[in-house]
Amino acid sequence: MTYVAGVDIGGTSVKIGIINREGDILHKWSIPTNTDQVETIIPDVWASIQTNMQMINLPIAKLAGIGVGAPGFIDSKNGLVHEAVNIGWKNYNLTDHLSQLSGVPVFLENDANIAALGENWKGAGNGALNVIAITLGTGVGGGIISNGMIISGQNGTAGEIGHMTVNPSGYLCNCGRKGCLETIVSATGIARQADAYQMAHPESLLAQRNRENGVLTAKDVFDLAQINDEGAQSIVDHTVDVLGFALANAAILLNPEKILIGGGVSKAGQPLIEGIKSAFQTYALPHVSDVCTIHLAQLGNDAGIIGGAFLVQENEA
Ligand SMILES: [Zn+2]
């Protein structure tokens with residue numbers, strides 16, 4: 001029996017797991033991402049894999065490979081991080097570095113893509129062949145699985161649904177363009193909608209909460225919508241409408257069996273999913289929506305490390 005390591009690199013911490021061939025996590029932990037000395041991040045990861053495998057009495061010789069997810073622009077074919085702005089890597093051959101240290105095969109993907117693979121393997125996807133996965137967090141990530149394989153595209157940018165333009169004259173996005181999906185439906189985007197509302201409606205509950213806390217969050221919006229606050233509900237309605245619209249357009253390109261919704265914003269749960277479903281039905285071609293179901297992601301923070309393990313198995317096959 002051999003095992004694989006899944007590694008999910010983020011701007012503040014690296015999540016790591018030792019995973020068996022069925023996709024069960026035997027052991028998981030995280031280490032800080034040392035962004036002050038970026039050249040030490042991968043040696044740190046390898047040292048901690050060795051220490052932790054020893055801790056659970058697994059010989060290093062049983063490690064068959066490492067699957068890594070990293071943020072930013074990733075060239076998975078060449079194992080290269082083109083640019084990861086929030087970490088500080090530029091043109092860094094991560095897979096060469098880690099496979100030289102470890103002596104095992106290393107595979108790299110964009111972090112949203114490995115989360116999609118993990119969620120589809122052991123979470124809400126249930127091994128579907130054609131899937132759109134979207135992560136609603138501080139930003140909006142996406143991954144597309146076609147015929148069981150993650151789509152990377154020509155230079156690793158495929159599936160970046162957060163940067164689909166939904167309003168050409170909208171807010172400025174981090175990518176430098178205007179009106180991307182993530183400027184509206186990310187946690188940041190929802191908070192910005194709430195802020196605009198409270199300024200226009202100083203008597204509203206949102207304005208009251210803003211005065212109390214000095215800030216409004218996406219959670220405030222969903223909490224107040226739950227108690228039927230009109231302003232909060234209007235923001236939720238707009239958010240799910242834009243999401244349903246974007247997903248209907250994405251779905252026409254893939255004809256997916258499932259759409260999986262994850263990330264911090266998805267903690268709003270079933271009311272969010274029901275709203276997205278209804279908007280999706282409104283905008284999608286019936287032939288597309290008839291065969292497509294929309295689900296909440298189930299794996300939370302474990303999706304990335306499980307997807308990393310899946311990536312190793314997919315490349316071994
Ligand atoms: Zn953008």
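Helix 5 (residues 187–200) and helix 8 have axes that come within 10 Å and cross at roughly 140°. Helices here are DSSP runs of H or I with at least four residues, strands are E runs of at least two, and both are numbered from the N terminus. The axes are lines fitted to C-alpha atoms over the stretch in contact, with angles running from 0 to 180 degrees between N-to-C directions. Helix 5 and helix 8 are therefore oblique to each other; angles under 35 degrees count as roughly parallel, over 145 as roughly antiparallel, 65 to 115 as roughly perpendicular and the rest as oblique.

Where do the two helices meet? Ile-190, Gln-193, Ala-194 and Tyr-197 in helix 5 meet Gly-231, Ile-235, His-238 and Thr-239 in helix 8. Contact means that C-beta atoms, placed from the backbone, lie within 7 Å.

## About the model

This is a predicted model, in which local features need pLDDT of at least 70, side-chain atom pairs count only at pLDDT 80 or more, and totals for chains, interfaces and linings use all residues. Residues are numbered from 1 along each chain as its sequence is written.

## Two domains

The protein chain is divided into domain 1 (3–110 + 302–316) and domain 2 (124–298), with bounds from an automatic or database domain assignment. Their C-alpha centres lie 28 Å apart. Seven residues from domain 1 and six residues from domain 2 make the contact. On the side of domain 1 that touches domain 2, strand 5 (73–75) and strand 8 (106–110) each supply at least two residues, and the largest share, three residues, comes from strand 5.

## The nonpolar core

The largest nonpolar core has 94 residues, and those with the most contacts inside it include Val-7, Val-68 and Leu-247. Such a core is a set of buried Ala, Val, Leu, Ile, Met, Phe, Trp, Tyr and Cys residues joined through C-beta atoms within 7 Å. Helix 8 (residues 230–254) gives the most to this core, with eleven residues. Domain 1 and domain 2 both give residues to the core, so it lies between them.

Not counting residues up to four places away in sequence, Leu-247 touches Ile-132, Ile-259, Ile-276 and Phe-280.

## A look at Lys-28

Lys-28 is found in strand 3 (residues 25–32).

Terms used: A residue is buried if 20 or more other C-beta atoms lie within 10 Å of its own, exposed if 12 or fewer, and partly exposed in between; C-beta atoms are placed from the backbone.
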